[in-house]
Amino acid sequence: MSPAEENRLDAAEAAAAPGTPAKDAEERNWPELPADALILIPVRNMVLFPGVMTPITVGRRRSIAAAQEAARAERPLGVLLQREAGVDEPAPVDLHRVGTVAGVMRYITAPDGSHHVVCQGQQRFRVLEFLDGYPFLAARVERIPEVEAVGKEIEARTHRLREMALEALQLLPQVPDEFVAALRGITSPAVLADIVASYMDLSASEKQEVLETIDVSARLDRVMSLLSHRVEVLKLSHHIGEQAKESIDERQREFMLREQMRAIQKELGETDEKAAEVEELSKAIAEAKMPEEVEQHARKELRRLERMPEAAGEYSMVRTYLDWLIELPWSVMSETRIDIPEARRILDEDHYGLDKIKRRILEFLAVRKLNPEGKSPILCFVGPPGVGKTSLGQSIARATGRTFARVSLGGTHDEAEICGHRRTYVGALPGNIVQAIRKAGTRNCVLMLDEMDKLGMGGFHGDPSSALLEVLDPEQNATFRDNYLGVPFDLSKVMFIGTANVIDTIPGPLRDRMEVIELSGYTEDEKLEIAKRYLVGRQLEANGLKPEQVDLSEAAMRAIIQDYTREAGVRNLERQIGSVFRHVAMRIAEGSCERMDIGPEELPAVLGPRRFERETAMRTSVPGVATGLAWTPTGGDILFIEAARTPGTNRLILTGQLGDVMKESAQAALSLIKARARDLGVDPDQFEKSDIHIHVPAGAIPKDGPSAGVAMFMALHSLLSNRCLRSDVAMTGEISLRGLVLPVGGIKEKVVAAVRAGIKRIMLPARNRRDYEEIPEDARKRVEFVWLETVDDAVAAGFGEAADGETR
């Protein structure tokens, strides 16, 4: 049986299988193909050249139908490269226009159901028009005849390409001699270019470029250019391989010679470079004044290093380990000078306000001075961003004459970042604590653990917060053992100071080891003083300006604080002042002026329109709106509780992304209003025919907590009694169904936020009087406080004057 008959038989059997593309297509009786048409098979990442035989695996439904029809009808195939390999069902626009006519030498259906076509390239073709109505891709094509080029230039190019190809084959391992002989026997320039391009390690796009090059001379040049690059790469690879082999042989030879030289030097009483290095390390170990246990361990490792050849892989690891042991400050301590008046001066010089925090820091330093060996508490500064937590730590270091180091714990999720990696790992290093102490150079430095509330959660890498327990425990940290060092290091002399934005996210056992000092936000007057004392001078220097070149008036600074920033700290305030000074620097640099005076009226031209407005009067000018006070991780803030009544069936609708606790507060407020409707002057009949909708704006921000109970009650009372609340009143507090006002937290931050927003009267739970002393004095002077025992007190103060004896 001939190969053509076998192909027809295989194709017929495959087409007869149920559900095959060919059978389905036969049942549709597609039209006969024109004489100049080809059945097409799109391929990915391969290009078939004329004269080359290769198997093609077909798996797509249309490609299988094409292969079966070509084998059945003994027609040639057209092989076209896809433009994008990731397209599963390519359309005509996804295919190149130049391909190769291929004769089907063999069609094979494997036992696993896969289909294969053995094709031999015959000549190039160009697609003229794609045809529709067939179960496979088909197109009318123009066959491109191969014109044999002659001439001395073509002959020279052919000779050069053959020599380059043979050179490339010599650089490749295990090339069959038959292939070399076949390459030598090719006389046609066009065939030689196609064969070389086909077997070269080229990308599909580069091969397609060669296929589309019809002119033989240009094709030879293109293939030579590509082959020249590949030959250079092969030469370099071969050279690197030879060097590596020579290096290994040279190392073995070097090792033997060094061993012989060592024996000779030993006989002559001489020493080599390695012996000098070992001697230097031994001297450094002695000078480091390590504890006895650590020094014994270091000398043991040094003896190991001495016995190792320098070529050994572990040599550099042991040497690095010894360097770490030597460079740690085992006995180096800063000369501490605790002068309380000087420390007070430094704190006042570096920070404005914060009197309570400064007093606690001075008490801390006083105890250290009177009892240097005592175990003083570990301080943790908690407050919003930009209130000066990190700079307080730097001031403590300056006041005590110690070096300052900082470790950022934000995002730390691996306990090895605290306790170090074991030396069995490649690239192991000590933990961040030991690294910071080495950088500080003393073992009694001030070490700030920044962002403690942002430690990663424990997982398969371990729990970093648990690793910190040993570091911060005065009873344990005298023998802190880093996994990399493997020996104890005394951390008891280190003054640890933590910082955090929120105390709640710090794990309980870790929080228990620290004394928390809370820093609230700054008032408007405090920000103004900070700007005048620190921020203006810092930004003048940062922007290359001199004080005589710009005058930022006090009114302008106050306008920036009120209209362009709303924050607990002063970080954005400093940025805005920097923006003003950059504008001045640009004007001076371009020669427009030599000096600028900046007042409030110039700010819109520099910073744009006002970003914040005091909108409490506008928002509370209708019934059903109350101003509440909220606590956030970045300080206090005000929020508006809005209530509306619509015809309905006594439903309560809550919107604004409220948490479960806040939803319960709203339900409790409504229930309290219903229970006391007649006492409050509210018609109880309106509940049955109405739906109550409570909304808290800024719906993209999740909100939760019980402290909005009073504000929700007052908003509902205002709505149902059709009375407006005072626009300058804000409130906070939890309510009970009996009408009691219960205490809440975050009073200091909430009051500061209310003052920032221009509130004049603040209603607080009476049981929060204990927090009055924590409120900054400037804020206490600027607002009137109303202390609430019950919601009746809130009604009296919210709609009119406060009850006698209730204001302070």
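Biologist: Which residues is F136 in contact with, leaving aside its neighbours within four places in sequence?

Modeller: In this predicted model, F136 is in contact with W30, L33, I39, R62, A65, A66 and E69, once neighbours within four places in sequence are left aside. F136 also belongs to the largest nonpolar core, which holds 58 residues. Together with L161, V196 and L227, F136 touches the most other members of that core. A second, separate core has 56 residues, including L325, C445, A500 and I503.

Biologist: Is Y321 buried or exposed?

Modeller: Y321 counts as buried because its relative accessibility is 0%, and buried means under 20%. Y321 is found in helix α11, residues 315-327. Not counting residues up to four places away in sequence, Y321 touches H297, E301, R423, Y484 and L485. The C-alpha atoms of Y321 and A428 are separated by 9.6 Å, while the two residues are 107 residues apart along the chain.

Biologist: Where is S395 placed, and is S395 buried or exposed?

Modeller: Helix α14, residues 389-400, contains S395. With a relative accessible area of 2%, S395 is buried. Beyond its neighbours within four places in sequence, S395 is in contact with I346, L347, D350 and H351.

Biologist: Which residues of α24 and α25 meet?

Modeller: From α24, the residues are M662, S665, A666, A669, L670, L672 and I673. They meet G709, M712, F713, L716, H717 and L720 of α25. The residues of this contact divide into 10 nonpolar, 3 polar and no charged.

Biologist: What is to be noted about the phi of N45 and of N650?

Modeller: Most residues other than glycine have a negative phi. The phi of N45, however, is positive, near 60°. N650 is not a glycine either, and has a positive phi of about 65°.

Biologist: Where are N45 and N650 found?

Modeller: N45 is found in the loop between β1 (37-43) and β2 (53-58). N45 counts as exposed, at 61% relative accessibility. N650 is found in the loop between β17 (635-647) and β18 (652-655), and N650 counts as partly exposed, at 29% relative accessibility.

How values were computed:
Residues numbered from 1 in each chain as written. Predicted model: local features only at pLDDT ≥ 70, side-chain atom pairs only at ≥ 80, totals over all residues. Heavy atoms only, no water. Helix = DSSP H or I, 4+ residues; strand = E, 2+ residues; numbered from the N terminus. Buried < 20%, exposed > 50% of the residue type's maximum accessible area, 1.4 Å probe, protein only. Contact = heavy atoms within 4.5 Å. Core = buried A, V, L, I, M, F, W, Y, C linked by side-chain atoms within 4.5 Å. Nonpolar A, V, L, I, M, F, W, Y, C, P; charged D, E, K, R; others polar.
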